[in-house]
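These are my notebook entries on one protein model. I record what I looked up, entry by entry.

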Amino acid sequence: MKESFVLLVMDIQQGLFNRETGLYDENHFMANVNKLIKYTRDTGNYLIFLQHNNDRSLIKYSPGWELHKGIDYRDSDIRVEKEDQDAFKNSLFKNELDKLNANRVIITGLVSHKCIRATCKGAV
């Protein structure tokens with residue numbers, strides 16, 4: 001069986017960059033995420049972009065809800081919306097992940113103490 005992975009790109013949305021405190025070294029962060037995305041594509045692996053919805057800064061279809069303008073997202077990529085911190089509570093996400101039949105999941109993104117943490121816990 002071929003070793004394969006899915007890169008989950010979580011919550012890299014405009015509203016999380018527009019906060020008062022900002023994101024430390026935003027350009028470096030975005031460059032590193034885009035390197036991961038490029039590596040994933042170049043090696044024939046899979047990408048899923050997760051996009052959080054809430055009633056504060058990530059209101060669906062608002063400018064803050066949009067994926068960050070610097071992220072290498074393509075229309076052919078899988079994009080799944082979520083409302084819970086744990087992406088595994090979303091059946092659409094689980095279905096997309098199962099279809100890919102990958103051996104590993106790699107996670108990158110924002111809000112590591114909430115959504116990324118909850119999704120890692122939900123995976124086990």
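**Entry 1: Tyr61**

In which loop does Tyr61 lie? I found Tyr61 in the loop between β2 and β3. Here helices (H or I, at least four residues) and strands (E, at least two) are DSSP runs, numbered from the N terminus. The model is predicted, so I note its conditions: local features need pLDDT of at least 70, side-chain atom pairs count only at pLDDT 80 or more, and totals for chains, interfaces and linings use all residues. Residues are numbered from 1 along each chain as its sequence is written, and side-chain values use heavy atoms, with hydrogens and water left out.

I then looked up the accessibility of Tyr61, which is 60% in relative terms, so Tyr61 counts as exposed. The classes are buried (under 20% relative accessible area), exposed (over 50%) and partly exposed (in between), with a 1.4 Å probe and protein chains only. Phi of Tyr61 is near 70 degrees, a positive value in a residue other than glycine.

**Entry 2: Asp25**

I looked up a further positive phi. Asp25 has a phi near 50 degrees and is a residue other than glycine. Its place is the loop between β1 and α1. With a relative accessibility of 38%, Asp25 counts as partly exposed.

**Entry 3: Gly15**

Gly15 also has its place in the loop between β1 and α1. Is Gly15 buried or exposed? Gly15 is buried, because its relative accessible area is 7%. I listed its contacts (heavy atoms within 4.5 Å). Leaving out residues up to four places away in sequence, Gly15 touches Ser57, Leu58 and Gly64.

Lys35 is in helix α1 and counts as exposed at 58% relative accessibility. Its C-alpha atom is separated by 9.3 Å from that of Asp72, which is 37 residues away along the chain.

Asn45 is in the loop between α1 (26–42) and β2. With a relative accessible area of 14%, Asn45 is buried. Which side chain does the side chain of Asn45 meet in a polar contact? I found that of Thr43, at 2.8 Å. A polar contact is a pair of N or O atoms within 3.5 Å; within protein, one must be able to donate a hydrogen and the other to accept it, and residues adjacent in sequence count only if both atoms are side-chain atoms. Not counting residues up to four places away in sequence, Asn45 touches Glu3, Ser4, Phe5 and Thr40.

**Entry 4: helix α2**

I turned to helix α2 (residues 91–100), where Phe93, Glu96, Leu97 and Leu100 are buried. They cover an arc of only 95 degrees around the axis, which puts them on the same side of α2. The arc is that of the directions from the helix axis to the C-beta atoms. Asp98 and Lys99 are exposed on the other side of α2. The cover over the buried residues of α2 includes β1, β2, β3 and β4.

I looked at Glu96 individually. Its relative accessible area is 17%, so Glu96 is buried. Not counting residues up to four places away in sequence, Glu96 touches Ile48, Ile78 and Val80.

I checked both ends of the helix. At the start of α2, a side-chain oxygen of Asn90 comes within 2.8 Å of the backbone nitrogen of Leu92. Asn101 follows α2 and has a positive phi, near 55 degrees.

**Entry 5: helix α3**

In α3, the buried residues are Cys115, Ile116, Ala118 and Thr119. Seen down the axis of α3, they fall within an arc of 155 degrees, so they line one face of the helix. The face turned away from this buried side carries the exposed residues Ser112, His113 and Lys121. Among the elements that cover the buried residues of α3 are β1 (5–10), β2 (46–52), β3 (78–82) and β4 (104–109).

**Entry 6: the lining of the largest pocket**

Which helix gives the most to the lining of the largest pocket? I found that helix α3 (residues 112–123) does, with four residues. A pocket is an open set of points on a 1 Å grid over the protein atoms alone, where a 1.4 Å probe fits, with protein on both sides within 12 Å along at least five of seven lines; lining residues have an atom within 4 Å of a point. The lining has 18 residues, and Leu16, Arg19, Val111, His113 and Lys114 lie nearest the centre of the pocket.
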